[in-house]
Amino acid sequence: MSNVSYYTAEGLKKLKEELDYLKAVMRPKASQDIAEARDKGDLSENAEYDAAKEAQGLLEMKISKLEELYANARLIDESQLDLSKVLVLSSVKIKNQANGMEMKYTLVAESEADLKTGKISVTSPIGKGLLGKSVGEVAEITVPNGKLKFEILEITRE
């Protein structure tokens with residue numbers, strides 16, 4: 001079963017760049033590290049060789065995972081987004097009903113989430129709780145330290 005992930009153009013570009021870097025730069029470096037360690041003699045007692053082989057295996061796993069992510073990635077057409085309810089790529093202004101604090105978040109794919117820039121994952125508890133809600137609705141969200149209630153004040157595009 002494939003796991004389709006939705007990306008912005010920026011997020012998809014970053015994913016492709018990372019994949020290209022790992023294949024073009026890191027893969028040849030891993031092979032070179034193995035060759036250099038192999039040249040140092042007896043492989044049965046060569047910890048450097050074992051470490052280089054293990055690093056190569058981890059790199060290949062990461063490349064494989066990114067290739068699968070990229071193969072299942074779908075670009076979101078931001079012009080087609082429905083602004084009547086919270087969806088992926090919606091920017092949402094919410095108000096915490098307990099303390100009156102207002103926050104603004106953009107819901108993005110898990111791989112693009114970055115709390116410092118206000119981007120939260122649609123798979124996070126708050127992201128899941130906001131999905132499908134409309135302006136004026138109250139989202140009751142269960143988080144590790146209890147339940148929070150957020151009123152949806154505004155939905156816009158990023």
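Is Ser90 buried or exposed, and what is its relative accessible area? Ser90 is buried, with a relative accessible area of 2%; buried stands for under 20% and exposed for over 50%, with partly exposed in between (1.4 Å probe, protein chains only).

The model is predicted, so local features need pLDDT of at least 70 and side-chain atom pairs count only at pLDDT 80 or more, while totals for chains, interfaces and linings use all residues. Residues are numbered from 1 along each chain as its sequence is written, and side-chain values use heavy atoms, without hydrogens and water.

The protein chain contains three helices and seven strands, arranged along the sequence as β-α-α-β-β-β-β-α-β-β. Here helices (H or I, at least four residues) and strands (E, at least two) are DSSP runs, numbered from the N terminus. Further values for the protein chain are tabulated below.

| Property of the protein chain | Value |
|---|---|
| Span of the C-alpha trace along the principal axes | about 70 × 35 × 30 Å |
| Buried share of the 158 residues | 32% |

Ser90 itself belongs to strand β3, which covers residues 90–96. A polar atom of the Ser90 side chain lies 2.9 Å from the backbone nitrogen of Leu87. Apart from neighbours within four places in sequence, Ser90 is in contact (heavy atoms within 4.5 Å) with Lys85, Tyr105, Thr106, Leu107, Ile155 and Thr156. Across the protein chain, 51% of the contacts with a separation of 6 or more join residues 24 or more positions apart.

Notes
A polar contact is a pair of N or O atoms within 3.5 Å; within protein, one must be able to donate a hydrogen and the other to accept it, and residues adjacent in sequence count only if both atoms are side-chain atoms.
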